[in-house]
Each structure stands twice: as C-alpha cells, then as structure tokens.
There are 4 protein chains.
Amino acid sequence: MPSELRLRRRVQFYETDAAGIVHFSWFFRYMEEAEHALWREAGFSIHPPDSEIGWPRVAASFDFHRPLVFEDEFDVWLGIVEITSKTIRYRCLLSKGDTKIATGSLVIACVRKRPNRLEAIEIPAEIAARFQVASSLEPIA
Amino acid sequence: MPSELRLRRRVQFYETDAAGIVHFSWFFRYMEEAEHALWREAGFSIHPPDSEIGWPRVAASFDFHRPLVFEDEFDVWLGIVEITSKTIRYRCLLSKGDTKIATGSLVIACVRKRPNRLEAIEIPAEIAARFQVASSLEPIA
Amino acid sequence: MPSELRLRRRVQFYETDAAGIVHFSWFFRYMEEAEHALWREAGFSIHPPDSEIGWPRVAASFDFHRPLVFEDEFDVWLGIVEITSKTIRYRCLLSKGDTKIATGSLVIACVRKRPNRLEAIEIPAEIAARFQVASSLEPIA
Amino acid sequence: MPSELRLRRRVQFYETDAAGIVHFSWFFRYMEEAEHALWREAGFSIHPPDSEIGWPRVAASFDFHRPLVFEDEFDVWLGIVEITSKTIRYRCLLSKGDTKIATGSLVIACVRKRPNRLEAIEIPAEIAARFQVASSLEPIA
C-alpha cells in the first residue's frame with residue numbers, strides 16, 4: 001500500500017520564464033505528476049476513461065525557497081498526510097541535492113459527475129484500501 | 001459570414017522563457033485563440049458541451065520572424081484560406097505595429113467521436129454556411 | 001495609488017484538461033495576470049528589461065470552490081493585503097457572475113540579482129509609494 | 001557525434017484538453033525536449049548561463065495523425081536533417097508502439113545577442129563539429 005513517491009525530474013526549457021527560473025505555476029504541475037505516479041504505483045489511474053467519479057483539487061499551496069533553472073535535476077517527493085472519508089491530503093517537497101527548493105500541499109476530493117455539477121461522495125472502499133498515510137512529513141533518506 | 005478575425009493580445013509573463021522571449025509553442029495557442037474567437041463571431045462554440053462532433057488539428061506550422069517579449073501588445077490576424085467538404089484551412093499573421101512577427105497556418109478536420117476513435121465526416125451544412133474564405137492572405141488595413 | 005484590480009477574462013481551450021475543466025495550475029497564472037495589470041496601473045512593469053531587482057514568488061495558494069469550463073467569462077479580483085519593508089501580500093478572488101470560483105493568496109519578495117543568487121532587499125521607496133493596501137478583502141460592488 | 005535521439009515520454013494530465021486528448025501545442029514542446037536531450041548527448045546545453053549566443057526557432061510544423069491521451073507512453077524520435085552554416089533542421093516522429101502519432105520539423109538559427117536585437121551568425125565550429133546529419137528520415141528499429 002503506497003503512501004509516498006519520489007520522482008526524479010529535469011527542468012524543461014518551456015518551464016522557465018524571462019526571470020531565468022522555473023515559473024511558479026509549474027511547481028503545482030510537478031506535484032500533480034508525482035500524485036499521478038503514486039496512483040499508478042497503487043494500481044490506479046486517477047482519470048480512467050469514462051469514469052463516473054473524479055478527483056477535483058480542493059486546495060493547493062506552495063512555499064518557494066530556492067529557484068530552479070533550465071536543466072536542473074531535482075526530486076519531487078509526495079506523501080499522503082491524511083485520508084478522510086471524502087478527501088486525500090498530500091504534502092510535497094521539492095529538492096535539488098541537499099537544497100530544499102519548495103514545500104507544497106494538495107487536497108483532493110472524490111466526486112460523482114452529475115449533469116452540470118460535481119457531487120462530493122465517499123472515496124470508494126477499493127481505492128481507500130490501497131493507500132495509506134506516510135510515516136513522516138519528509139522523505140526518509 | 002465571417003472570414004477573418006483580428007485579436008489584440010498582450011504577452012503574459014508565463015508565456016516567456018529563459019531566453020527572455022515568448023516560447024515558440026505559444027504562437028500556436030495565440031493562433032487557436034483567434035480561431036475560437038472567429039467561431040464565436042460566426043455564432044458557434046468550436047467545443048460545445050456534449051457535442052458528438054469535434055475539430056482535431058490536422059496540421060499546424062509557423063515561421064518566426066521577430067521575437068515577442070513580456071508585455072508586448074500585438075495583433076493576431078486569422079483568415080480562412082480554404083474550406084473543403086471535410087477540412088478548414090486558416091492562415092495566421094502576428095504583428096506588432098508595423099513589424100511582422102510570425103506567419104502561421106492551421107488545418108482542422110471535422111470528426112464524429114466514436115468509441116476509441118475519431119471518424120472523419122463532412123462539415124455540417126449549417127456550420128459550413130456560416131464561414132467564408134477571406135478575400136486576402138493578409139489583413140486589409 | 002492603486003490597491004486592487006479587476007480583470008475580465010475568458011477561458012481558453014488550452015487551459016482546460018481532460019476532466020473538461022480549467023486545470024488548477026491556471027488559477028495561479030490568472031492571479032499573476034491580475035498582479036501585472038495592477039503594476040501597470042501603478043505605472044510600473046514588474047519585469048522591466050535589464051532591471052537589477054526582481055520579485056520572486058515566496059508563497060502561493062488557492063482554495064477551489066467551483067470549476068470553470070471552456071469559454072466561461074469570469075472576473076479576477078486582486079487586492080493588496082499587506083506591504084512590509086520587503087514583501088507584498090495579495091488576496092485574489094475569482095468569480096463568474098455571482099458564483100465564487102476560487103480564493104487565492106500570493107506573497108512576493110523584492111530581491112537584488114547577484115551572480116548565482118537572489119538577495120532579499122527593501123522595496124524601493126518609489127515603488128512602495130505607488131501602492132496601498134486595499135480597503136477590503138473582497139471587491140466592493 | 002550524435003545525429004538523432006529517442007525519448008520515452010508519458011502524457012501528463014496538464015497536457016490534455018477538454019477534448020480528452022493532448023493539446024496540439026504540446027507536440028512542439030515534446031519535439032524541443034528531444035532536441036535539448038540531443039544537445040546534452042553532444043555535450044552541450046542549448047542555453048548555458050550567460051551565453052552570448054542563442055538558438056531561436058525559425059520555423060516549426062507538425063502533421064497530426066493520431067491523438068494521444070492521458071498516461072499514454074510514447075516515443076519522440078528527433079533526427080538532424082540538415083546543418084547549414086547558420087541553421088540546423090530537425091525532423092521529428094512521435095509514435096506509440098507501432099502507431100505513428102505525428103510528424104514534425106524544426107529549424108533553428110544561431111544568433112548573437114545584441115542590445116535589442118538578434119544577429120544571425122555562423123554556427124561556432126566547436127558546436128558544428130559535434131553533430132552530424134542522421135542517416136535516415138526515420139528511426140532505424
């Protein structure tokens with residue numbers, strides 16, 4: 001039962017901006033890349049074709065400590081902090097070697113797709129059973 | 001019956017890259033913005049909810065003449081070059097004042113969405129009837 | 001002395017994802033668009049050519065209440081919440097008509113660009129003098 | 001002396017659009033990812049810090065044959081088609097297993113960065129000497 005995932009990633013040119021660093025909006029995409037990889041580890045796609053349920057993002061945040069530049073190699077660590085009946089909360093750490101780059105969080109909710117709206121529902125048992133809360137708020141070396 | 005559209009646009013910061021200019025992938029998005037505005041002029045959304053038909057891109061190209069930088073204001077002109085039974089071909093010019101920035105082309109096809117595939121179909125008559133070919137390959141001042 | 005800004009925006013196709021809604025990373029870009037428009041209102045570019053100072057993002061967050069879909073027209077309101085000697089904090093509200101879409105915050109810091117690093121500095125007086133804190137945490141109708 | 005490169009890539013969620021497929025603008029970014037990986041193979045960064053020369057894109061095109069969807073794994077093959085004194089032309093093939101997804105081309109030019117403009121220059125000999133034209137217009141299995 002996976003509870004965390006570490007992803008190695010390289011900064012692409014189109015992720016940089018005219019200040020010469022990765023645009024801050026990309027950190028949220030890096031975090032989501034790690035989330036989807038964690039779900040694949042658990043045996044799921046977070047967005048299978050024709051699924052009736054979905055996982056909209058309820059809240060997302062980042063604190064930015066150091067910039068990333070073109071071709072930097074960095075790690076994205078994502079850990080599950082909390083699983084409630086209807087939501088999952090993740091914590092995310094970006095680092096480059098020993099340097100802490102950014103610290104993020106993400107909360108997602110489980111919904112059923114209704115015509116013109118999304119109805120919050122309980123996380124299906126077969127999904128909840130495949131994830132667990134990480135033992136630490138940081139990657140354990 | 002609209003045949004062309006001109007859009008005024010400003011360069012956003014997230015569209016720039018570490019070379020200090022707009023990343024070339026954005027020109028294709030600017031062209032598509034103008035296309036969708038042209039369709040709205042004709043009274044349509046190119047992607048209405050729950051539509052059975054779609055308009056995938058078949059080919060796209062740009063020649064880049066001059067760079068754009070952060071906060072540049074520029075014009076996107078899009079004109080219809082050809083309408084066949086199943087495709088529409090556009091030509092696109094980006095300019096900043098009197099300076100030609102880039103020249104693009106885009107071909108889209110009409111498809112019906114089938115399970116697991118897209119079937120090329122004839123453009124519905126009520127759509128074809130609302131567009132016409134532009135009288136010139138350039139915006140007429 | 002501007003303290004807030006309201007921007008009218010339309011959802012572009014490339015901002016949507018396979019769930020049929022605007023990808024959450026775009027809300028951060030919408031917020032930044034409003035910030036840069038606020039700076040232009042104050043008479044500045046936040047990223048002038050060859051400037052020695054810069055404004056990296058220190059923290060950013062959003063709570064997402066309702067989705068946006070293709071071609072939705074919506075408003076981005078950005079207000080200054082706090083100006084300290086070295087940072088500016090904004091609050092952001094996205095709404096579509098009377099519907100609250102999302103609530104965000106953004107903190108930026110003033111830095112001097114040094115070789116290989118960014119040094120936190122005091123906000124130049126001529127810049128601090130041109131902004132003020134908004135009188136409310138919400139747009140006043 | 002590298003002449004071609006093959007990259008394995010997975011479709012990320014933020015690369016998809018409301019039609020449920022990868023937005024066409026992303027193919028140009030995939031092509032550029034492969035280009036920059038090819039340059040690393042040759043021992044270079046295409047955008048080293050503080051370089052006086054740059055490599056703006058002169059022309060880019062794609063023909064789109066089949067769509068890509070979320071989590072698809074695909075290959076990006078990039079080969080050098082022509083090296084002139086001032087430009088490099090690439091050809092690009094995207095495929096998923098045996099299915100041809102898209103065919104692209106990219107032309108870049110070598111420039112020296114001057115205040116307010118880019119001056120076309122000859123490709124430095126030490127760079128030209130490290131690349132060669134690919135032996136085929138297709139990846140050789």
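Between chain C and chain A the count of salt bridges is zero, a salt bridge being a side-chain nitrogen of Lys or Arg within 4 Å of a carboxyl oxygen of Asp or Glu. The model is predicted: local features need pLDDT of at least 70, side-chain atom pairs count only at pLDDT 80 or more, and totals for chains, interfaces and linings use all residues. Residues are numbered from 1 along each chain as its sequence is written, chains are lettered from A in the order in which they are written, and side-chain values use heavy atoms, without hydrogens and water.

Helix H1 (25-41) and strand E3 (57-64) of chain C each supply at least two residues of the side that touches chain A; helices (H or I, at least four residues) and strands (E, at least two) are DSSP runs, numbered from the N terminus. E3(C) gives the largest share, eight residues.

| Item, chain C with chain A | Value |
|---|---|
| Buried area (accessible area, 1.4 Å probe, lost on being put together, summed over both) | about 1,800 Å² |
| Residues in contact (heavy atoms within 4.5 Å) | 21 residues from chain C, 21 residues from chain A |

Carbon and sulfur atoms give 62% of the buried area.

Strand E3 (residues 57-64) of chain A pairs with E3(C) in the antiparallel sense over five bridges, where pairing requires at least two bridges found by DSSP. Ala60(A) has Phe62(C) as its bridge partner in E3(C).

Within chain A, three strands form an open antiparallel sheet in the order E2-E7-E8. Strands E2 (53-54) and E8 (117-120) stand at the edges, each with a single partner strand, so one side of each lacks a neighbour in the sheet.

Notes. Buried area is the accessible area (1.4 Å probe) that two parts lose on being put together, summed over both.
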